[in-house]
Amino acid sequence: MRTTVNASPSNPARTFLPFALALLLGALLSPATLFAAQDRGIQVNGEAELRVAPDMAMLHMEILEEHTKAAVARAEVDKISSAALQIIREAGVAGEDTDTTGLSITPRYRWNKSEERQEITGYRVARSIEVRLLDLDKLGDLLTKLSDAGVNQINSPQPGLQDRETVYLKVLAAAAENARSRARTIADALGQKLGPVVTLSAHSSPIPQPMRREMAMRSADAVSSPAAESYQSGHITFRVSVSAQFALL
């Protein structure tokens with residue numbers, strides 16, 4: 001007897017094999033698989049640096065006084081603060097560029113051995129003033145006058161830029177162009193054609209150069225006009241690096 005297999009479309013053996021083969025080819029030729037097979041590229045770093053002169057400075061100062069009575073210490077601080085604010089106004093600093101909100105009154109203690117307890121010996125009053133100075137030509141003279149007026153804590157001025165973003169974008173563009181130039185050089189050397197950028201990340205580090213140290217933390221008897229006139233404002237260095245991956249066509 002001879003056995004035959006029904007070859008009609010309803011036969012499961014005939015329909016399953018083409019369907020399974022189609023699934024297998026579909027998986028092998030999926031877009032993700034094709035992309036992985038063609039994923040050729042160049043990874044490079046681009047760098048750029050720019051030194052710019054500051055056009056502003058941030059000043060942070062404090063008036064500190066101690067006395068056995070808080071009211072006396074605060075009155076002295078208020079007196080010096082008023083004189084300092086007058087000097088700042090005369091230097092042409094706008095009201096919105098001056099902040100005088102910081103005030104603290106701190107008790108000073110000592111240990112009373114006989115009574116075994118802490119007792120207040122006086123008070124320390126401090127008022128902080130922050131100034132955004134846009135005319136750096138006035139910086140040295142301003143710090144001299146503030147010190148002469150009794151401001152006894154002046155931190156080192158911090159140089160800055162009024163339009164920091166414009167400078168950053170300029171250096172960022174230069175770093176990106178440097179990355180493209182390096183990638184193009186590599187591609188040309190390998191006889192390849194450089195394609196579009198695939199991934200890109202940027203890292204920046206603006207580095208302010210500290211201003212002249214002799215202008216900071218000075219007392220009234222340590223300042224002279226010639227020192228103020230020789231003041232140097234320093235510079236700010238912007239360094240930007242980018243990591244980029246370019247496709248090869």
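Arg74 and Asp78 both lie in helix α3 (residues 70-90), four residues apart, or about one turn of the helix; helices are DSSP runs of H or I with at least four residues, strands are DSSP runs of E with at least two, and both are numbered from the N terminus. An α-helix has 3.6 residues a turn, so residues three or four places apart point the same way. The side chains of Arg74 and Asp78 form a salt bridge with an N to O distance of 3.7 Å, a salt bridge being a side-chain nitrogen of Lys or Arg within 4 Å of a carboxyl oxygen of Asp or Glu. Arg74 is partly exposed, with a relative accessible area of 35%, and Asp78 is partly exposed at 29%; buried denotes under 20% relative accessible area, exposed over 50%, and partly exposed the range in between (1.4 Å probe, protein chains only).

The model is predicted, with local features requiring pLDDT of at least 70 and side-chain atom pairs counted only at pLDDT 80 or more, whereas totals for chains, interfaces and linings use all residues. Residues are numbered from 1 along each chain as its sequence is written, and side-chain values use heavy atoms, with hydrogens and water left out.

Nine salt bridges are found in a search of the whole structure. One of them joins the side chains of Glu66 and Arg124, at 3.9 Å from N to O. Glu66 belongs to strand β2 (residues 56-67) and Arg124 to strand β4 (residues 117-133), so this pair ties together parts that are 58 residues apart in sequence. Arg124 is partly exposed, with a relative accessible area of 28%. A network of salt bridges links Glu66, Arg108 and Arg124. A further salt bridge, at 2.8 Å from N to O, is formed by the side chains of Glu119 and Arg110; Glu119 is buried, with a relative accessible area of 18%.

Helix α5 (residues 164-189) comprises 26 residues, which at 1.5 Å a residue should span 38 Å, in agreement with the 38 Å between its end C-alpha atoms; the expected span is 1.5 Å times one less than the number of residues. Val167, Val171, Ala175, Ala179, Ala183 and Ala187 are buried in α5. The buried residues of α5 pack against β1 (41-52), β7 (194-204) and β9 (236-248). Gly191, which follows α5, has a positive phi near 70 degrees.

Overall, the protein contains six helices and nine strands. Of its 249 residues, 29% are buried. Among contacts (heavy atoms within 4.5 Å) between residues at least 6 apart in sequence, 83% join residues at least 24 apart.
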